[in-house]
Amino acid sequence: MTAQVTIFAIVFAVAVIFFLWSCWQRFSLVALGLPDNRIDRIGLRIWNMLLYAFGQKRVVAGKYPFGWNHFVFFWCFLILLIANTEFLFHGLFPDIIALSKLPEGLYHALALIFDVVSLLALIAVIIAISRRLWFAPKYIEAKTVDAFVILGLVATLMIAFFSLHGSGIALGEEAAAAWMPISSFVATLFRDLPAVTLANVKLIFWWVHAFALLGFLCYLPYSKHMHILTSIPNCFFKSIDKVNTQTPEVFKKDNVYGAGRVDRMRWKDLFDSYSCTECGRCTDNCPAANTGKELNPRLVIHDIKINLLHNGKLIKQGKAPELSLIGGGKEGSIKEDAIWACTTCGACMEVCPVSIEHVPKLVYMRRDLVEMQAKFPDELLSLFENLENRSNPWGIIPAERSRWVAEVNAPSFEKDKTEYLFYTGCAGSLDTRNKRNTEAIARILNAAGVSWGTFGKDEKCCGDSARRLGNEYLFDRMARENIRMMQEAGVKKIIVECPHGYNTIKNDYKQFGADFEVIHHAELILQLIESGKLQLKNKADAGKIIFHDSCYLGRYNGIFDQPRKLIEKATGKAPMEMDRRRETSFCCGAGGGRMWMEETEGTRINIARVTEAMKSDPDTICVCCPYCVTMMEDGLTDIKASDKVKVIEISELVEKAIK
Amino acid sequence: MQIVTCIKQVPDTTQVKIDPVKGTLIREGVPSIINPFDAHALEESLRLKDKYGFKVTAISMGPPSAEVTLRNAIALGVDNVILLSDRVFGGADTLATSMVLATAIKKLNEEDEVVLVLCGKQTIDGDTAQVGPGIATRLKYQQLTSVDHIENVDLKNRTITVRCKFEGRYEILNSCFPAMIAVLREINRPRYPTVPMRLMSQDYKVTVWDNKVMQMNENEIGLKGSATAVRRIFSPDRAMGQILGGDDVQDPEEAARMLINKLISKNLISLQ
Ligand SMILES: Cc1cc2nc3c(=O)[nH]c(=O)nc-3n(C[C@H](O)[C@H](O)[C@H](O)COP(=O)(O)OP(=O)(O)OC[C@H]3O[C@@H](n4cnc5c(N)ncnc54)[C@H](O)[C@@H]3O)c2cc1C
Ligand code: SF4
Ligand code: SF4
């Protein structure tokens, strides 16, 4: 064994042990989280991993051209992983392991690939550095030491690669020189050096390469580039279904509720925090962050990671954490205002390239505030009491729920006779403006001869706001009561007017043993038209219509096309589209219980949204959700456009076409 | 030293209707709630507990179903609750009610000195605002009514300073212990129970004192001990309201003009 090999073997061993020790230190902390089953449906998980990690599906999606730079980076990295593994083992066992020992064809092919890919990687690094220096978008923290250390190490690695092989070629030691165009070019630069110097150059760059590579390895677990290790498994563990619900809690004496400490998150939430690439796309799409609120979803994930790293050791030893998860003021602690600012719109989760789930984490922290500390914005006290005592957000007398029935011919739901329960929801039955949609739906159902009925004054709030606001205890009771009532009444199919109720009855109630066939009125009405049961007598005229996606219908449940088709059927024309639409639509500001809270910080989300709509100069904004109706109308009033532009619920539009 | 807070379970009166024939309240299916004023009295006593370390006992006279209200008080952090319940207490007016409550407070005082009694200013069903002062009179306590702020408690000198809100003025009053304080709703914002406390309160065994425990003279309690009796309850006739213009009038100025013209035509206002 030569001295070089011995020294390298020692350096290699130290680096690898340090790397493994660092990984153990960090990854063992993930086990502190609560259980969460993420190994079911393995086939689908492998598919997700191929699609999202190896296919980089979300990295290159949407309006992020630099995503392609990452795509190049990612694949260069994977390919060079082979080259670098060979480098390390060749360094350890120079006589046994070497590329040149492979069959000639393969050897030449690999030499060519490694050479070209190294150049691509170098170009990608240069682009990335330039972006950070000169074209940095505001949603990333561009000029961090961490980023430049990593980019610097990669650049060093590539330069060392070419210099090493270049000098080797110049020395005539490289058998595959003809297959290494870039290294050969570098060799021409070394052409005039004497052989001894060349040998030294080669030796120096060999060690530079070795140190850059092992340095990179050792630095990884301490950097945001930890995602290199975690993002592929994170795409495997990603939620297979849409993240449109949160885990229920078990209410039993001595239990703890919500995530007031980092170890009260699920293990996957902790793993998520390790997988964040800090790309900032979540923040770029967040309605709260975009309107000057305290919330920055990227930082929420970052703070969870910092908190775990800070407290992990103590928690492992059974001691209390030092750094509080909720409270703010320090890196690793999240401000309450940030936690309350989330509309649970899901835009962050939709764009996150590594499928991090922000909303459940925020809801679990809300649970701690509400359930363990009874600490929440003042406005929510009456909301919770109203939901609990009168089963509606306003505290209106429950008997008022059936008032709208007087306006239309609305039958009661009858066991074994009625096919559909029409669940109107609180806004649909109690809010003056939104009762108009409910009446429109009732008239449409009657016109199509659908067998339907309501619970009238006995209908109860679905509990969506309670759940999203972290009052799981209240939600749990409301959900069970509703399910019991619906099951006792023999309900099988439910038409829901409000997307929040739709999502709750369809997805949340499943966790409580419900199994109803749930349909949103936009879906059902389209079916009725397509099957010829509902005749459109004329074209509804509402001028130029622009469509706004509801988060809970679109992103949460994938209903994008039905309302658009419905508008086209009712008016004869496809609606105009917003800049931000479908999967990357922008929230109206009402979800996540924000409907019942003041919006004092920054500018108003609904104003941002109607302003966006106004760019297309519409006559009508068409929506599919009573909350959206309220938010859009309020927004138009605020920007003094309510004379010119009207808000219409899709059912009202269809009603115009059947008159 | 302890604080006793008197809380009453009342029907949610906004949902109560009066049976026009029988002249009685239709209570069926109407949910019961804690008298809203008493929720504030409870909160204030809990704040005094947090600040000065008093023990807090909540008491209520009512039917066995009033236990729920006391259980909720436990969930909010009250130390001890007692339900005063016996058929013979039934039908009480404010005099008999305050007799029973005062006797219970006296009994509690024997175990641990009662320095403050907190009541709501009034209930939303009886509305008399007499029970608090009645208790103070029977016990010979100082009485501080319409309190909207507690300024200070001086444990050493055994005094309390409060602010009372009256029509057009505030009064800052200083009183020695023991005192009865009847609070307004502005005094605070009640807290919300945490889930562990709620679950704990569900298994909590509420102490019930009937007249075997209270040993009160039958002439002082219930119907017999009442100085007044209800003869009739009725809703006064109210003329039907009228909607001017309705949805057709979008312009607020136009609506205001219609209203003013209407009022002038009825000679209710004049522009001179
Ligand atoms: C339907 C109905 C029927 C009635 N029938 C009769 C009748 O037949 N004869 C009759 O004489 N009177 C009758 N009353 C009146 C009844 O006497 C009063 O409800 C009762 O005495 C309490 O008075 P109040 O509700 O006005 O309390 P207030 O004096 O307005 O209450 C002030 C405070 O005293 C405390 N307090 C009051 N009551 C209680 C209680 N029970 N337990 C604990 N704390 C309490 C609370 O802190 C409360 O905020 C009737 C009332 C109602 C609503
Ligand atoms: S759910 Fe919406 S509001 Fe909440 S953090 Fe994500 S993008 Fe922001
Ligand atoms: S959470 Fe996802 S979208 Fe947000 S910064 Fe991290 S990787 Fe990017």
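**Ligand shells, chain B and selected residues**

Modeller: To begin with ligand 1, one of its oxygen atoms is 2.8 Å from a polar backbone atom of B:Cys6. I count N or O pairs within 3.5 Å as polar contacts; within protein, one atom must be able to donate a hydrogen and the other to accept it, and sequence neighbours count only through side-chain atoms on both sides.

Biologist: Before we go on, what kind of model is this?

Modeller: It is a predicted model, in which local features need pLDDT of at least 70 and side-chain atom pairs pLDDT 80 or more, whereas totals for chains, interfaces and linings use all residues. Residues are numbered from 1 along each chain as written, chains are lettered from A and ligands numbered from 1 in written order, and side-chain values use heavy atoms, without hydrogens or water.

Biologist: Which side chain has an N or O atom 3.0 Å from an oxygen atom of ligand 1?

Modeller: That is the side chain of B:Thr97.

Biologist: How many residues surround ligand 1?

Modeller: There are 31 residues around ligand 1, and the closest are B:Asp38, B:Asp93, B:Thr123, B:Thr128 and B:Val131. A residue is included if one of its heavy atoms lies within 4 Å.

Biologist: Which elements of chain B each supply at least two residues of that shell?

Modeller: They are β6 (55-61), α3 (94-111), β8 (114-120) and α4 (131-139). Helices (DSSP H or I, at least four residues) and strands (E, at least two) are numbered from the N terminus.

Biologist: And chain B as a whole, how many helices and strands?

Modeller: Chain B has seven helices and 13 strands. Its C-alpha trace spans about 70 × 45 × 40 Å along the principal axes, and 43% of its 272 residues are buried. Buried stands for under 20% relative accessible area, exposed for over 50% and partly exposed for values in between (1.4 Å probe, protein chains only).

Biologist: What surrounds ligand 3?

Modeller: The residues around ligand 3 include A:Cys276, A:Cys279, A:Cys282 and A:Cys352, together with A:Arg298 and A:His358. For ligand 2, the surrounding residues include A:Cys286, A:Cys342, A:Cys345 and A:Cys348, as well as A:Pro287 and A:Pro297.

Biologist: Staying in chain A, is A:Glu472 buried or exposed?

Modeller: A:Glu472 counts as buried because its relative accessible area is 0%. The residue belongs to helix α19 (residues 472-488). Its side chain makes polar contacts with the side chains of A:Arg367 at 3.0 Å and A:Arg467 at 2.8 Å.

Biologist: And where is A:Ser239?

Modeller: A:Ser239 is in the loop between α8 (227-237) and α9 (267-275) of chain A. A polar atom of its side chain lies 2.8 Å from the backbone oxygen of A:Asp241. A:Ser239 has 18% relative accessibility and therefore counts as buried.

Biologist: Now the backbone: which peptide bond is cis, with omega near -15°?

Modeller: The bond from B:Phe177 to B:Pro178. B:Pro178 is in the loop between β11 (169-176) and β12 (179-183) of chain B.

Biologist: What is phi of A:Asp617?

Modeller: Phi of A:Asp617 is near 55°, a positive value in a residue other than glycine. A:Asp617 is in the loop between α23 (605-614) and β7 (620-623) of chain A and is partly exposed, at 37% relative accessible area. In chain B, B:Arg158 has a positive phi of about 55° although it is not a glycine; B:Arg158 is in the loop between β9 (142-154) and β10 (159-166).
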